[in-house]
Amino acid sequence: MSPAFPQPEKTKVVAQLDKEYLHYAALAQRIWKLAEPGYLENETSSLLQKELQSQGFTITTGVADMPTAFVASFGKGAPVISILAEMDALPGLSQDSVPTRKPLVPNAYGHGCGHNLFGVGSVAAAIAAKNYLQQSGKSGTIQLIGTPAEEGAGGGKTYLVKAGLFNNVDAVLHWHPGDGNSASPSSSLAYRVANFQFHGLAAHAAAAPEKGRSALDAVEAMNYMVNMMREHVTSTTRIHYVIKKGGLTSNIVPDYAEVEYTIRHPTAKGLEDVWARLMKTAQAAALGTETTMTYEVLAGLYNLLPNETLAKLMQKNLEQVGGIRYTATETEFADKIRKTVNSESLPPLSRASEIQPYALNGVGSASTDVGDVSWVLPTAGLSTATWVPGVPAHSWQAVACDGMSIGFKGMLVAAKTISLTAIDLFQQPAAIQQAKAELYKARGGEAFTYKSLAGDRKPPLDYRK
């Protein structure tokens, strides 16, 4: 039975979402089976657009030079509330919706971060908010923004921000699958990914080594210096690398080598400081090996900027909606899949039914392109228990949960919470102004100007090909 709310219109919205559960679950499962890579979410994007179009939304496709990105709008005038909908999947995580490891297609993509649920849950929330606007006669516009390529070096939302897609928006709401229910605000790590390419001289490695200049030596020299640098950065800094290309055979001095670096820091300013030092190691490596160096920034993301004004509204609605309860079949699934998780301590299954208390949670260890959005507009998000408590993101276990009823139930909790929060914002223009004032203060007033950490590059549409 749907919970009753102090406002009859909220009770009606939640009851309608409950009635449509099977419809949205079927759509989420269909997208789960597609599991399309970043910037290639063609069928997924089309399905979400058709769902919104059938409900009277006006669709603008291919926004910000990204073929699968779109904006769906309904209503008129202010305030304009946007809901984000992610779509992409992760490589190598194909998995059936069973509690044992069983790839559907070996080495294929899978929804290890639950974006099949994210996209559909956000669409459901946008439609519910649209229904409220229609029935109440209130002024306002609800938008659903289909955002591609969040994973890896995609950074889809950064290009939406740069293209001005949020210029006339008043507030942004979003969510993400997880193993618990929380709307507490937190930050994330700012992030940059770049490829460093070294160019040397090929030569016979035995007969004429003196004539060669090894690009692989340059990569190894850079990596060595960076590893030495780890002792002299803050404990919250993260640096990862992988050698993408290192030569073709050991008997030829490699004339080309390539290394990809990812760096993270709690602030964009701190990230730029680490980046400057990383550049020095690349330049020094080229100098010391008599090679040349070029580089390409693949992606850059801001840290999340929490907005407590919006977060507290969302928390209140989440508490009213409540968590999910497992059936006997779901409990059996949960017990089995938890035995496959590599952890000495797992949270209780009851975590799925509980709402975590509100708290300002500090800085998390992950990165997200929602960070860029949060620096230009008041932004709030939540996480719901779409995964069995203890199941980590980016795992086959998460994919299994995302394709069955446990994931679909958590998705509906998010859809309800976001739609109710949007209703609050349509009813409370003062809350939007307060959220904007909080954002203005948090980012340093007029001193802040948004500048993408990805630089001037265009969306990397081929990064998953």
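**Nonpolar cores, helix packing and a buried aspartate**

In this predicted model, the largest nonpolar core holds 79 residues. Those with the most contacts inside this core are Leu52, Phe57, Ile81, Ile142, Leu144, Val388 and Leu425. Helix 12 supplies the largest share of the core, 13 residues. Phenylalanine 57 illustrates the contacts. Its neighbours within four places in sequence are left aside here. Phenylalanine 57 then touches Leu52, Ala72, Ser73, Phe74, Ala126, Ile127, Lys130 and Ile142. Another core, of 55 residues, lies apart from the largest one. Among its residues are Ile145, Tyr159, Phe166 and Val373.

Helix packing was examined next. Two packed helices are described by the angle between their axes and by the distance between those axes. Helix 12 spans residues 405-427, and helix 13 spans residues 429-442. Their axes lie 5 Å apart, at an angle of about 100°. Angles of 65 to 115 degrees count as roughly perpendicular, so helix 12 and helix 13 are roughly perpendicular to each other. On the helix 12 side, the contact is made by Leu425, Phe426 and Gln427. On the helix 13 side, Pro429, Ala431 and Ile432 take part. Five residues of this contact are nonpolar, one is polar and none is charged.

Helix 13 also packs with helix 8, which covers residues 308-321. Here the angle is about 135°, and the axes are 8 Å apart. Helix 8 and helix 13 are therefore oblique to each other. Glu308, Thr309, Leu310 and Leu313 of helix 8 meet Ala431, Gln434, Ala435 and Glu438 of helix 13. This contact divides into four nonpolar, two polar and two charged residues.

Aspartate 170 sits in the loop between helix 5 (156-162) and strand 5 (171-178). Its relative accessibility is 12%. Buried means under 20%, so aspartate 170 counts as buried. Its side chain makes a polar contact with the side chain of lysine 436, at 2.7 Å. A polar atom of the aspartate 170 side chain also lies 2.7 Å from the backbone nitrogen of valine 80. Setting aside neighbours within four places in sequence, aspartate 170 is in contact with Ala78, Pro79, Val80, Leu377, Pro378, Ile432 and Lys436.

Terms used
Residues numbered from 1 in each chain as written. Predicted model: local features only at pLDDT ≥ 70, side-chain atom pairs only at ≥ 80, totals over all residues. Heavy atoms only, no water. Helix = DSSP H or I, 4+ residues; strand = E, 2+ residues; numbered from the N terminus. Buried < 20%, exposed > 50% of the residue type's maximum accessible area, 1.4 Å probe, protein only. Polar contact = N/O pair within 3.5 Å; in protein donor to acceptor, adjacent residues only side chain to side chain. Contact = heavy atoms within 4.5 Å. Axes fitted to C-alpha atoms, helices over the stretch in contact; angles between N-to-C directions. Parallel < 35°, antiparallel > 145°, perpendicular 65-115°, else oblique. Nonpolar A, V, L, I, M, F, W, Y, C, P; charged D, E, K, R; others polar. Core = buried A, V, L, I, M, F, W, Y, C linked by side-chain atoms within 4.5 Å.
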